[in-house]
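Okay, thanks for coming, everyone. Let me put the structure up on the screen, and then we can walk through it together.

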Amino acid sequence: MTRDELFSTVKTILVEDFDIDETLIREDAKIGDDLELDSIDAVDMIVKLKPYLSDSVEPQVFKSVKTVGDVVNVLLPLSK
């Protein structure tokens, strides 16, 4: 999966499953501040992305994730 494809997948999940306005979802959008997702929502998002990943995600990796771009950067090496 390319970076653009993964970003598109993340964006689709955020719009469809979390009812986030598509115009708010940018690489630099902050998960908590801009998209108003809490830690439980972030875990749900990762669960929904699991079918697109070839390996499991270590929880500690997400401690440094702040933006949508960070999510894509962390998951890209694990994507199918």
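So, the largest pocket: about 460 Å³ of space lies in it. A pocket here comes from a 1 Å grid over the protein atoms alone, and is an open set of points where a 1.4 Å probe fits, with protein on both sides within 12 Å along at least five of seven lines. The volume is the space filled by probe spheres set on those points, and the points are joined across faces, edges and corners. Lining residues are the ones with an atom within 4 Å of a point. There are 20 residues lining this pocket, and the closest to its centre are Ser39, Ala42, Val43, Phe62 and Val65.

Before I go on, a word on what you're looking at. This is a predicted model, so local features need pLDDT of at least 70 and side-chain atom pairs count only at pLDDT 80 or more, while totals for chains, interfaces and linings use all residues. Residues are numbered from 1 along each chain as its sequence is written, and side-chain values use heavy atoms, with hydrogens and water left out.

Back to the pocket. Which helix gives the most to the lining? That's helix 2, residues 39-49, with six residues. Helices here are DSSP runs (H or I, at least four residues), numbered from the N terminus. By class, the lining has twelve nonpolar, two polar and six charged residues. For those classes, Ala, Val, Leu, Ile, Met, Phe, Trp, Tyr, Cys and Pro are nonpolar, Asp, Glu, Lys and Arg are charged, and the others, Gly among them, are polar.

Now the inside. The largest nonpolar core has 25 residues, and Val10, Leu14, Val68 and Leu75 touch the most other members. A core like this is a set of buried Ala, Val, Leu, Ile, Met, Phe, Trp, Tyr and Cys residues joined through side-chain atoms within 4.5 Å. Buried means under 20% relative accessible area, exposed means over 50%, and partly exposed is in between (1.4 Å probe, protein chains only). Helix 1 (3-18), helix 2 and helix 3 (68-75) are the elements that give two or more residues to this core, and helix 1 gives the most, with six.

Let's zoom in on helix 3. Six of its eight residues are buried, so helix 3 is largely enclosed by the rest of the structure. Which ones are buried? They are Val68, Gly69, Val71, Val72, Val74 and Leu75. Helix 1 and helix 2 are among the things that cover them. Take Val68: leaving out residues up to four places away in sequence, Val68 touches Phe7, Val10, Leu14, Ile25, Arg26, Glu27, Ala29, Ile31 and Leu35. Touching means contact, with heavy atoms within 4.5 Å.

On to charges. Side chains of opposite charge can pair when their charged atoms come close. How many salt bridges does the structure hold? Three, where a salt bridge is a side-chain nitrogen of Lys or Arg within 4 Å of a carboxyl oxygen of Asp or Glu.

One of them joins Glu27 and Arg3, at 2.8 Å from N to O. Glu27 sits in the loop between helix 1 and helix 2 and Arg3 in helix 1, so this pair ties together parts that are 24 residues apart in sequence. Glu27 is partly exposed at 31%, and Arg3 is partly exposed at 29%.

Another pairs Glu22 with Lys11, with the closest N and O atoms 3.8 Å apart. Glu22 is in the loop between helix 1 and helix 2 and Lys11 is in helix 1, eleven residues apart. Glu22 comes out at 46% relative accessibility, partly exposed, and Lys11 at 22%, also partly exposed.

Then there's Asp28 with Arg26, closest N and O atoms 2.9 Å apart. Asp28 is partly exposed at 49%, and so is Arg26 at 38%.

Most residues other than glycine have a negative phi. But Asp19 has a phi near 55 degrees, a positive value, and Glu36 has one near 60 degrees, positive as well. Asp19 lies in the loop between helix 1 and helix 2, and Glu36 is found in that loop too. Are they buried or exposed? Asp19 is exposed at 69%, and Glu36 is exposed at 66%.
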